[in-house]
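Subject: Structure handover

Hi,

Here is the structure you asked about. My notes follow below it.

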Amino acid sequence: PYGWDFNTCMMVGSILAATDPVAVVSLLKDLGASPVLTMQIQGESLLNDGTAMVLFTVAYGMVAGTECGAGCVATFLLKSTIGASVLGAFIGWLFYLWIRQANNNLNHSSSII
């Protein structure tokens, strides 16, 4: 109805497709659902948000004039997933070293005695 082309509709649709599970998670907590179910809902929401971000980036590129087929979308999704995993592991490792160093600084011992 707005005279948008397909690529613009895909871009707007990817923005609107991302769901927010805050109401569902608060309802689960009020009803006393198991924490495992709550974590699964939150994890599914993260997957939906990541997928929506990838689709938005691809659709935005298409609106800008970049040609991108199914292979391009799959490649971008894999790059984003592997890149995020590597970055998360690296940051986790840095925090592990930082916490281990802080723990060693709190343990005082004397080798004089």
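What volume does the largest pocket have? About 170 Å³. A volume here is the space filled by probe spheres set on grid points, joined across faces, edges and corners. A pocket is an open set of points on a 1 Å grid where a 1.4 Å probe fits, with protein on both sides within 12 Å along at least five of seven lines.

This is a predicted model, where local features need pLDDT of at least 70, side-chain atom pairs need 80 or more, and totals for chains, interfaces and linings use all residues. Numbering starts from 1 along each chain, and side-chain values use heavy atoms, without hydrogens or water.

**Pocket lining** (an atom within 4 Å of a point)
- Leu 46, Leu 47, Gly 50, Thr 51, Val 54, Leu 77, Ser 80, Thr 81, Ala 84 and Ser 85 line the largest pocket.
- Helices α3 and α4 (70-106) each supply at least two of the lining residues. Helices are DSSP runs of H or I, at least four residues, numbered from the N terminus.
- By class, five are nonpolar, five polar and none charged. Gly counts as polar.

**Helix packing**
- α2 (22-31) and α3 (35-63) pack at about 180 degrees, axes 10 Å apart. So α2 is roughly antiparallel to α3 (over 145 degrees).
- In contact (heavy atoms within 4.5 Å) are Val 24, Val 25, Leu 28 and Lys 29 of α2 with Leu 37, Thr 38, Ile 41 and Gln 42 of α3.

**Met 39**
- Met 39 sits in α3. Met 39 is exposed, at 56% relative accessible area (exposed means over 50%, 1.4 Å probe, protein chains only).
- Its C-alpha lies 8.9 Å from that of Val 25, 14 residues away along the chain.

Best wishes

Methods: Axes are lines fitted to C-alpha atoms, for helices over the stretch in contact, and angles run from 0 to 180 degrees between N-to-C directions. Angles under 35 degrees count as roughly parallel, over 145 as roughly antiparallel, 65 to 115 as roughly perpendicular and the rest as oblique. Buried means under 20% relative accessible area, exposed over 50%, partly exposed in between (1.4 Å probe, protein chains only).
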